[in-house]
Amino acid sequence: MSPAVRIADEVRAAVAAGRPVVALETTILTHGLPRPRNLEVAREAEALLRDAGVVPATVGVVGGRPAVGLADAEIVRLAAGDGVEKLSVRDLPVAVARGSDGGTTVAATALLAHRAGVPVFATGGLGGVHRGASRTFDESADLVALAAVPILVVSAGVKSILDVPATLERLETLNVTVLGYRTDAFPGFYVHDAGVPVPARVDGPQEAAAVVRARDALGLSGAVLLANPVAAEAQLDVAEHRAVLDAALADAADRGIAGHDTTPFLLDHVHRATAGRSLDVNVAVYRGNVALAGQVAAALAVV
C-alpha cells in the first residue's frame with residue numbers, strides 16, 4: 001500500500017486477522033445528502049456495521065491524504081466543510097498535490113478499499129451510462145473502475161435517470177459480474193424494478209460470498225456487483241416516479257441542459273417534485289445496502 005494512503009489501525013488489524021470489514025464511500029456524505037442529515041446517516045451507517053460485528057472503513061480524502069477508515073472528527077470535517085471536492089480516481093492525484101478535502105466516488109472508494117485489503121463496499125447507487133451517451137459519450141468512471149478492481153459492491157442498481165439497459169450492457173462488456181439479491185430484475189434505485197433482468201440471482205449472503213470466492217479462485221480482476229433493491233414498501237410510487245422522471249427529462253430538454261449538468265438537474269427536479277420523498281428513499285436504499293454488505297463481509301470472513 002502506498003504511504004500516500006492512510007489505513008486506520010482498526011481497519012488494518014481487522015483485515016490482517018480476517019475479520020469482516022466494509023468500506024463506505026463519502027460522496028453521499030459530501031454531495032448526496034443535505035446537512036445535518038448527511039452526518040447523521042454517515043454515523044448511523046458505521047453504527048449499523050459495528051452492531052453487526054463488522055468494522056466500518058469510511059473512505060475519503062482529508063487534507064490531501066486519502067484514508068481508509070476515517071476518524072469521527074474527519075467525518076465531521078467532510079460533512080460540514082465548504083468546498084469539499086467530489087473525487088473520482090482521476091482526481092486523486094490533484095487532490096493529494098493540492099492538499100484538498102474530498103468525498104470519494106464509487107470508483108475512488110473501490111480502488112482505495114481494495115488496496116487496503118477490504119473486500120466489500122457499500123454504496124447507494126452506482127454511476128452508469130447517461131441517456132444520450134451515443135452522442136455525448138457520457139459514462140461514469142465507476143463502470144471502468146469496477147472492471148479492474150476485484151471487490152464486491154452492494155448497490156441499489158443505478159439511478160433511473162440513467163440509461164439502465166445501456167449500463168447493464170457496458171457492465172457485461174467490462175466483465176463485471178452482476179447479481180440480483182433476491183430479485184430477477186435489476187433495481188432502479190428509487191424503484192424496486194427498473195424493468196431489466198439481471199444475469200444471475202443469489203438469495204443469501206453466503207451465495208454472494210461463494211461467487212466472490214469463485215471469482216478470486218479464477219484469478220479474475222473485475223468486481224462483483226450485488227444489486228440490492230430498495231424494499232417495495234420504501235420505494236417511490238412507480239406511477240409517480242415515471243411521471244416525475246418524464247417531466248424532468250422534458251424540462252431538461254426544454255432548457256437545453258446536457259452533459260455533466262444533466263444528472264444534478266434531474267435529481268434536483270425529482271427531489272422537488274416529490275417534496276423531498278426521494279431523499280427518504282435515498283437513505284432507505286443506503287441503510288439496506290450497508291446492512292447487506294455487512295452480512296456478506298461476515299460470510300466471507302468465515303473459512
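**View A. Helix 2, strand 5, helix 8, helix 12 and helix 13 each supply at least two residues to the lining of the largest pocket.** This is a predicted model, in which local features need pLDDT of at least 70 and side-chain atom pairs count only at pLDDT 80 or more, while totals for chains, interfaces and linings use all residues. Residues are numbered from 1 along each chain as its sequence is written, and side-chain values use heavy atoms, with hydrogens and water left out. A pocket is an open set of points on a 1 Å grid over the protein atoms alone, with protein on both sides within 12 Å along at least five of seven lines, and its lining residues have an atom within 4 Å of a point. The largest pocket has a volume of about 1,300 Å³, where volume is the space filled by probe spheres set on the points, joined across faces, edges and corners. Of the 41 residues in its lining, Lys 86, Thr 105, Lys 159, Thr 263 and Leu 267 are the closest to the centre, and helix 12 (262–273) gives the most, with 5 residues.

**View B. Thr 105 sits in the loop between strand 6 (102–104) and helix 6.** Thr 105 counts as buried because its relative accessible area is 10%, the limits being under 20% for buried, over 50% for exposed and in between for partly exposed, with a 1.4 Å probe and protein chains only. If residues up to four places away in sequence are not counted, Thr 105 touches Thr 27, Lys 86, Leu 87, Ser 88 and Asp 142, contact meaning heavy atoms within 4.5 Å. Asp 142 is also one of the buried residues of helix 8 (residues 141–148), together with Leu 143, Ala 145, Leu 146 and Ala 147. The cover over these buried residues includes helix 6, strand 8 and helix 9 (164–173).

**View C. Strand 13 (residues 224–227) is covered on both faces.** In a regular strand, the side chains alternate between the two faces of the sheet. Here Val 224 and Leu 226 lie on one side and Leu 225 and Ala 227 on the other, and all of them are buried. Strand 8 (residues 152–155) runs parallel to strand 13 and is joined to it by 4 bridges, with Leu 152 having Val 224 as its bridge partner. Strand 9 (residues 177–181) is likewise parallel to strand 13 and joined to it by 4 bridges, and there Gly 180 is partnered by Ala 227; two strands pair if DSSP finds at least two bridges between them.

**View D. Leu 225 belongs to the largest nonpolar core, which has 52 residues.** Such a core is a set of buried Ala, Val, Leu, Ile, Met, Phe, Trp, Tyr and Cys residues joined through side-chain atoms within 4.5 Å. Val 11, Val 68, Val 118, Ile 151, Phe 186 and Leu 225 are the members that touch the most others, while helix 6 (residues 106–115) provides the largest share, 6 residues. Another core lies apart from this one and has 30 residues, among them Ala 122, Leu 152, Val 212 and Tyr 286.

**View E. Phe 189 and Tyr 190 form an aromatic pair with edge-to-face geometry.** Their centres are 5.0 Å apart and their planes make an angle of 85°. Rings of Phe, Tyr and Trp (its six-membered ring) pair if their centres lie within 6.5 Å, and planes under 30 degrees apart count as stacked, over 60 as edge-to-face and the rest as tilted; by this rule the count is 1 aromatic pair. Phe 189 is buried because its relative accessibility is 1%, and Tyr 190 is buried because its value is 4%. Tyr 190 lies in the loop between strand 10 (185–186) and strand 11 (196–197). Beyond four places in sequence, the contacts of Tyr 190 include Lys 159, His 241, Leu 267 and Ser 278. His 241, in helix 11 (residues 238–255), is 37 residues from Ser 278 in sequence, yet their C-alpha atoms are 9.4 Å apart.

Methods. On a 1 Å grid over the protein atoms alone, a cavity is a set of points where a 1.4 Å probe fits but cannot get out, and a pocket is an open set with protein on both sides within 12 Å along at least five of seven lines; lining residues have an atom within 4 Å of a point.
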